[in-house]
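User: I would like to learn how to read helix faces, helix packing and backbone angles from a model. Please take the features one at a time.

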Amino acid sequence: MKLEERVNPIVITDTETNRKYTLDFNRETVRFAEERGFSWDEVGDKPATMVPLIWYTAFRRYDPRISLDKTTKLLEDLGGMKPSWVVRLRELYNQALTSLIAQDTAEGEEEEAKNARLTVEL
């Protein structure tokens, strides 16, 4: 089974303060977003709600105490969300989910459990 390459996080640097912000996701930040109603299916229908929410939650992986007001201000200072950022955030979000959902093996390959002490029979 071929492992996919790691998607690099988004890094934002505030040139006035030299502060770096890293935007990425893990299972906890994905869960945080979903608990607050985030859905990729609704980004086009509810951009005023979903874009700031996914932007905010991406900061929380490395800065869990950052405020929504702070991330909203940063997004405004950057001139809004660029399409390429949406694509990267979605890739990062999906990458965080890969540890939750196992990938199917190719036909004819034996499936091996990640944890050898547990087996699954269907």
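Analyst: Start with a cut-off: a residue is buried when its relative accessible area is under 20%, and exposed when that area is over 50%. The model is a predicted one.

User: Which residues of helix α3 are buried?

Analyst: In α3, which spans residues 68-77, the buried residues are T71, L74 and L75. Viewed down the axis of α3, these residues fall within an arc of 100°, so they line one face of the helix.

User: What do the buried residues of α3 pack against?

Analyst: Their partners are β2 (19-23), α2 (47-59) and α4 (83-97).

User: What follows α3?

Analyst: G79 follows α3, and the phi of G79 is positive, near 90°.

User: Where does a positive phi turn up in a residue that is not a glycine?

Analyst: The general idea comes before the case. Most residues other than glycine have a negative phi. N18 is not a glycine, yet its phi is positive, at about 65°. N18 lies in the loop between β1 (10-14) and β2.

User: Is N18 buried or exposed?

Analyst: N18 counts as exposed because its relative accessibility is 59%.

User: How is a pair of packed helices described?

Analyst: Two packed helices are described by the angle between their axes and the distance between the axes. Now the case of α2 and α3: these helices pack at an angle of about 110°, and their axes are 9 Å apart. That angle makes α2 roughly perpendicular to α3. The crossing in which α2 passes α3 is right-handed.

User: Which residues make the contact of α2 with α3?

Analyst: From α2 the contact takes V51, P52, W55, Y56 and F59, and from α3 it takes L68, T71, L74 and L75. Sorted by class, the contact of α2 with α3 has eight nonpolar residues, one polar residue and no charged residues.

User: At what angle do α2 and α4 cross?

Analyst: The axes of α2 and α4 cross at roughly 55° and come within 11 Å. That makes α2 oblique to α4. The crossing of α2 and α4 is left-handed. In this contact, α2 supplies I54, W55 and A58, while α4 supplies W85, L89 and Y93. The residues of the contact of α2 with α4 divide into six nonpolar, no polar and no charged.

User: Now helix α1. Which of its residues are buried?

Analyst: Helix α1 covers residues 27-35, and T29, V30, F32 and A33 are buried in it. These residues cover an arc of only 160° around the axis, which puts them on the same side of α1. E28 and E35, on the other side of α1, are exposed. The buried residues of α1 are covered by elements including α2 and α4.

User: How do the axes of α1 and α4 cross?

Analyst: The axes of α1 and α4 cross at roughly 110° and come within 8 Å. At that angle, α1 is roughly perpendicular to α4. The crossing of α1 and α4 is left-handed. R27, V30, A33 and E34 of α1 make the contact with Y93, A96 and L97 of α4. By class, the residues of the contact of α1 with α4 are five nonpolar, no polar and two charged.

Definitions and conventions:
Residues are numbered from 1 along each chain as its sequence is written. This is a predicted model: local features need pLDDT of at least 70, side-chain atom pairs count only at pLDDT 80 or more; totals for chains, interfaces and linings use all residues. Side-chain values use heavy atoms; hydrogens and water are left out. Buried means under 20% relative accessible area, exposed over 50%, partly exposed in between (1.4 Å probe, protein chains only). Helices (H or I, at least four residues) and strands (E, at least two) are DSSP runs, numbered from the N terminus. The arc is that of the directions from the helix axis to the C-beta atoms. Contact means heavy atoms within 4.5 Å. Axes are lines fitted to C-alpha atoms, for helices over the stretch in contact, and angles run from 0 to 180 degrees between N-to-C directions. Angles under 35 degrees count as roughly parallel, over 145 as roughly antiparallel, 65 to 115 as roughly perpendicular and the rest as oblique. A crossing is left-handed if the near helix is turned anticlockwise from the far one by less than a right angle, and right-handed if clockwise. Ala, Val, Leu, Ile, Met, Phe, Trp, Tyr, Cys and Pro count as nonpolar, Asp, Glu, Lys and Arg as charged, and the others, Gly among them, as polar.
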